[in-house]
Amino acid sequence: MLAITNMMAANAQNTDTFIKIEEGNMFSQCFTTCDTNNDGIVTYAEAAAATILGLDKGGRMNIIENYDFLKYFPNLVALSVGNTTLEEIDLHYQVKLEKLGLQNALWIKKIILAQNCQPEIFYPQDVVRVDMEYYVEDDTIRKLLDEYSYCEKIEQDGEVLYIVSKEYGNYGIWHNGKLEVPCKYGLEDLKNNYFTIEVKELPSGIVFEDEGFKEFCLRDKRLNVDKDNMITEEEAKAATRLSLMSYKSFIRNIKSYEDLKYFPNLEYFHAGLNYVETIDLSCCPKLKEIDLSDSRMLKTIILAKGCKPEIKYPVAYKGEPAKVIYK
């Protein structure tokens with residue numbers, strides 16, 4: 001395996017050297033189109049002149065673990081990433097990108113692109129969801145976008161304000177390190193009437209303990225109807241069915257079931273894939289049907305007193321069937 005972790009090579013005789021790869025297969029397959037003078041070295045100038053870069057060649061042994069070197073290729077129009085186990089790739093240096101091949105990025109979940117860059121993207125066959133994020137220079141905006149789906153910087157009466165939102169049409173003002181004016185006014189009204197608007201509460205999303213649990217909830221169209229990238233407690237309380245398993249393409253190992261406390265009205269529940277020994281369902285007293293067939297090491301099932309659902313059990317762990325206790 002060739003792991004490229006530091007592409008910058010020091011060379012006392014040629015300070016213009018960008019990269020020199022001794023492994024001939026990797027260089028000949030991926031970088032010869034950039035090496036215009038065929039000297040086995042890619043210079044800064046050659047990298048800046050490159051418009052096409054294919055890193056998806058050279059065989060399965062060429063695995064790229066760091067793409068920081070792409071900042072020296074700012075004029076790429078077409079890029080195919082190589083074999084990689086990375087879940088996130090930062091491509092915000094590629095401001096001219098028109099075509100992006102991700103077929104060999106089998107674990108990819110997130111791509112960071114330059115502002116206004118909208119390349120045609122070719123995904124791996126089994127990847128059904130990749131988050132696209134646009135890079136911004138403002139540090140405050142970048143931090144706020146970790147929590148909010150929308151953020152815009154404005155200036156009003158000499159003050160710098162940030163309009164934020166977790167869902168379309170529900171905006172607030174981030175000012176002096178906190179959310180000062182939650183409201184349900186339109187974006188233009190908020191910009192023009194910051195000091196006179198009526199204050200209303202923004203709905204807050206559930207802070208999930210388990211990321212796999214959260215991802216299944218966000219994917220559930222019956223639960224996340226407005227597709228706002230969060231689940232409110234009201235939405236969770238209204239749910240009567242919840243599955244943490246997809247037989248088509250999306251499987252995550254669930255490690256914690258503490259988030260079930262937000263779903264007290266469930267009647268059907270599929271626990272999904274897990275390796276826990278105990279599943280506590282006592283916070284869901286209305287359960288009528290439970291699928292635990294993918295709970296590979298289950299020993300104990302805890303139910304609310306008086307709750308007697310139909311249970312689909314897993315294959316007995318070490319020959320011992322899971323026992324049911326009431327809480």
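A: Two strands are said to pair if DSSP finds at least two bridges between them. With that in mind, this predicted model holds an open sheet of 3 strands, which run in the order E7-E9-E11 with parallel pairing. Its edge strands, each pairing on one side only, are E7, covering residues 88-91, and E11, covering residues 131-134. From one strand to the next, the twist averages 15°. The parallel pairing of E7 with E9, which spans residues 110-113, extends over 4 bridges, and Asp 90 has Ile 112 in E9 as its bridge partner.

The core you asked about is the largest nonpolar one, and it has 34 residues, of which Phe 213, Leu 242, Tyr 257, Phe 263, Leu 266, Phe 269 and Leu 281 touch the most other members. Two or more residues come to this core from each of helix H5 (211-219) and strand E22 (300-303), and the largest share, 4 residues, is that of H5. For Tyr 257, contacts beyond its neighbours within four places in sequence are made with Phe 213, Leu 244, Phe 269, Ala 271, Gly 272, Asn 274, Val 276 and Ile 279.

Thr 300 is located in strand E22, and it counts as buried because its relative accessible area is 13%, where the cut-off for buried is under 20%. Not counting residues up to four places away in sequence, Thr 300 touches Glu 277, Thr 278 and Ile 279, and also Ala 322, Lys 323 and Ile 325.

Asp 210 lies in the loop between helix H4 (187-192) and H5. Asp 210 is buried too, because its relative accessibility is 6%. The side chain of Asp 210 reaches the backbone nitrogen of Gly 212 at 2.9 Å. When neighbours within four places in sequence are left aside, the residues in contact with Asp 210 are Ile 254, Lys 255, Ser 256 and Asp 259.

Conventions
Residues numbered from 1 in each chain as written. Predicted model: local features only at pLDDT ≥ 70, side-chain atom pairs only at ≥ 80, totals over all residues. Heavy atoms only, no water. Axes fitted to C-alpha atoms, helices over the stretch in contact; angles between N-to-C directions. Core = buried A, V, L, I, M, F, W, Y, C linked by side-chain atoms within 4.5 Å. Buried < 20%, exposed > 50% of the residue type's maximum accessible area, 1.4 Å probe, protein only. Contact = heavy atoms within 4.5 Å. Polar contact = N/O pair within 3.5 Å; in protein donor to acceptor, adjacent residues only side chain to side chain.
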